[in-house]
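Me: I have a structure open here and would like to talk it through with you. Could you take my questions one at a time?

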Amino acid sequence: MKKQIISALLASVMVLSFSACSGGNGGNAGSGTSAGGAKTTIEVWTNDRHDLDYVNSEIQKFNSSNPDNIQIHQTVITDDYVNMLSMAKSSGTAPDIAGISGSIGIDMNAFADTKMVLPLNDYIKKAGADFQKVTESDDHIYEGVNAVNGQVYWVPTVVRSGTRMIYNMDLVKKATGSTTLPTTLPEMVSLAKKITQKGAGQYYGFATTKDAPFVRCFEGIAEMAGQNRYGYDYVNGKFDFSGFKPIVEEFNKLFTDKSVLPGSPSQGVDAMRAQFANGKIGIWGNASQEAGVFTEQFPVKNFEWKVAELPTMDGKVQGALTIQPEKGYAIMSTTKHADQAWKVIELFSSKDFLKGYLEKGYGLPFSKEMTAAVDTSKTGRISDFALKDYESVYPAAPSITIEGEDMQKVLWSAVMGQRNVDTAIQDLNTRYNKALDSDVASGKVKRLVIKDFDPLHPSKGTLQYLDK
Amino acid sequence: MKLFQKKHASLEDEGKASAWLMLLPSIFLLVITSVYPFIWLFRYICYDYNGYTAYFTGAHNFYHMLSDGIFWGSVVHTFEYAGLKLIFIIPVSFLLAALLSQKILGSSLFRAIYFMPTVISTAVYSLIFGFIFAVFNGSLNSILSLMGLIHSPVDWLGNPKIVMISIIIVALWGGLGNYMILFISGMGSISTDVYESSKIDGANGIQTFFHITLPMLSPVIKVILMLAITTAFKDYESILVLTNGGPNNRSQVMFTYIYQLIFSSNVTPQIGYATMLSVVAALIIGVVTVAYLILARKLDDVM
């Protein structure tokens, strides 16, 4: 009898575990109509967690009031988002809509080539003047970022500023006796040295991190010196990293001067933000997300912090600084409810939704209409990161498969003095161009050439995709 | 007689059928979660696959692997890591087990304390160790300088010369308790009669340890060693969190490199090449394990 009970128990456990296995993805299993057949559920995936409170409350409002009986179900996926999307697509569990931002590293050309997502041009055309005014969708077409060959796959609604330098003004004053901030990179390096000397081991001039140190400010300074951040030469359609040399050398001085917070290259970005908020770092570089970080996540209480433009090499801006178009939504090609999905995108791109969103300080407005609509007294410190006229979006460089270490890793290790800058650049030029040639030859990517490329207006040129 | 045979045969058939029926769930899971991914893996060895489209590249991945300095560097680091970890973790956990299997006051409390890291997530304790190892205001450096052992802060994770030692320290802390418990349970299975008779013969503690505990544990030690070797070669979680293979690839082991090839966000995923490398890595670990098993059998013959 006892045995029977045990085996019955075991059997039920097994059945339960099986049903658990099969039901694991049930929540994300895409869309469907509910029992009554009247309501359509639109599954939305996003990898933004920071704005959930606001977005969820707006979704709730929409779900209870929209006349089309659409129910939005949003799932947040923050880890490995792009891979998850492509895996979901191939296993038939893709959502109807995928939230996309310029900063998440989607290879839009591959997305379009493999027909992961639907082009939105027809919907945009039909959407009317209001949509156009709020999003300026006709002006925000960026090849390889949100569009491929003129087909638009997602419309950005907000923008993340390019990187800025953030200064601890108390430490600047202590070190220099003034509040004047550096405008060139050599001046910034020397300020970092002065702060460090004044700090005598208590605080330091500069800090980096192990989490993508390349993009925090180094990349932006290189762009403003005219060196493309991908290392891509659009005019000649090949890679050329030589413009990085002076910036690498100047940044290396931060390390040889010992102006960098010791150990910061092996610490996570949040640990360093906490150190900045704690008054241990004089100069910190990052983009507009830092507005929320230093007011909410690690609020700065004991000193004044100021946001300033990136320093240039010689006082002149020679190339546009990259901004990230964000918060757009693509319709996955597997959806059965494309029209309803577009209605959801219209909600997320509506003036009311965006006004509330922007006034919470989650991002910067990306159209004149929204810039005028937002009450900046409500947005907090994000207004310090307002867009500059030299900021723009570059067409994405061909996404090639390189052998060995990527450019960010190689150049940053040259910055840290772990390898010679000349050999590093030579190595990158050789490997990247070899990979580009072989990927173009195999038909995997096309060579992008923009003969009339203007580094100050990178999105304005005439694009050509070449097969060789 | 015939009737009996028939009945026997039908019973046997029934037994077979129910055996298969009972095996079915586990076979099903094995095929789905183990065999299928393995075949899937082999499919992409000859492809350049970015997650969307696979491009056939023939033997290119193989040649690339042969000339990939970072990969072979990571193989060397894997051996270095595994060797250092095993040299320390096995004797120390054995010693701890020998001490804590005695019936002394508080031994179960200490067992629990040493075992604790095994149940904590590797990512979590590695993150905490990251703070402990911090150069600026890190607690390890403060303690060492208070004790007068160091004069300037040590860059535990950023200095290529000592980064491996720091990683080994975390690995020891994380794995010690696990092997200790295995040894303790092995020791518990040795019959007390043997100890009693050796006591009557006048053996002291050290003699008992070397002539009774150690030889009688040898089958258990063999299994534990094999587990420890395969685990040590496959460890990468804590390295990923602590250094991500840095500085300048000094702590790059095979699996951190493979992970980065697929999941690193600023390059195109190289799933085909990473697949090639994981097959090679599996072969390397397989060879090491087989070599160990042969060696262990030889040792058995000698003993």
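This is a predicted model: local features need pLDDT of at least 70, side-chain atom pairs count only at pLDDT 80 or more; totals for chains, interfaces and linings use all residues.

Me: Staying with chain B, what does the domain assignment give, and how far apart are the domain centres?
Reply: The assignment for chain B gives domain 1 as residues 2–36 and domain 2 as residues 73–268, and the C-alpha centres of these two domains of chain B lie 43 Å apart.

Me: Over to chain A, then: in what order do the strands E15, E7 and E17 come in their sheet, and is the pairing parallel or antiparallel?
Reply: The three strands of chain A form an open sheet in the order E15-E7-E17, with antiparallel pairing. Strand E15 (324–326) and strand E17 (364–365) of chain A stand at the edges and have a single partner strand each, so one side of each is left without a neighbour in the sheet.

Me: How many bridges join E7 and E15 of chain A, and which residue stands opposite Val158 of chain A?
Reply: Strand E7 of chain A, which covers residues 158–160, pairs with E15(A) over three bridges in the antiparallel sense, and A:Val158 stands opposite A:Glu326 in E15(A).

Me: Now helices. At what angle do H9 and H16 of chain A pack?
Reply: Helix H9 (residues 213–224) and helix H16 (residues 407–415) of chain A pack at an angle of about 75°, and their axes are 11 Å apart. Since angles of 65 to 115 degrees count as roughly perpendicular, H9(A) is therefore roughly perpendicular to H16(A).

Me: Which residues make that contact?
Reply: From H9(A) come A:Pro213, A:Phe214 and A:Phe218, while H16(A) supplies A:Gln408, A:Leu411, A:Trp412 and A:Val415. By class, the residues of this contact of H9(A) with H16(A) divide into six nonpolar, one polar and no charged.

Me: Last one, Val82 of chain A: is that residue buried or exposed?
Reply: A:Val82, which lies in helix H3 (residues 81–90) of chain A, counts as buried because it has 20 C-beta neighbours inside 10 Å.

Me: What does Val82 of chain A touch, leaving out residues up to four places away in sequence?
Reply: On that basis A:Val82 touches A:Ile104, A:Gly105 and A:Ile106. As for A:Arg229, that residue and A:Val82 are 147 residues apart in sequence and 22 Å apart in space, C-alpha to C-alpha.

Note on methods: Residues are numbered from 1 along each chain as its sequence is written. Chains are lettered from A and ligands numbered from 1 in the order in which they are written. Two strands pair if DSSP finds at least two bridges between them. Helices (H or I, at least four residues) and strands (E, at least two) are DSSP runs, numbered from the N terminus. Domain bounds come from an automatic or database domain assignment. Axes are lines fitted to C-alpha atoms, for helices over the stretch in contact, and angles run from 0 to 180 degrees between N-to-C directions. Angles under 35 degrees count as roughly parallel, over 145 as roughly antiparallel, 65 to 115 as roughly perpendicular and the rest as oblique. Two residues are in contact if their C-beta atoms, placed from the backbone, lie within 7 Å. Ala, Val, Leu, Ile, Met, Phe, Trp, Tyr, Cys and Pro count as nonpolar, Asp, Glu, Lys and Arg as charged, and the others, Gly among them, as polar. A residue is buried if 20 or more other C-beta atoms lie within 10 Å of its own, exposed if 12 or fewer, and partly exposed in between; C-beta atoms are placed from the backbone.
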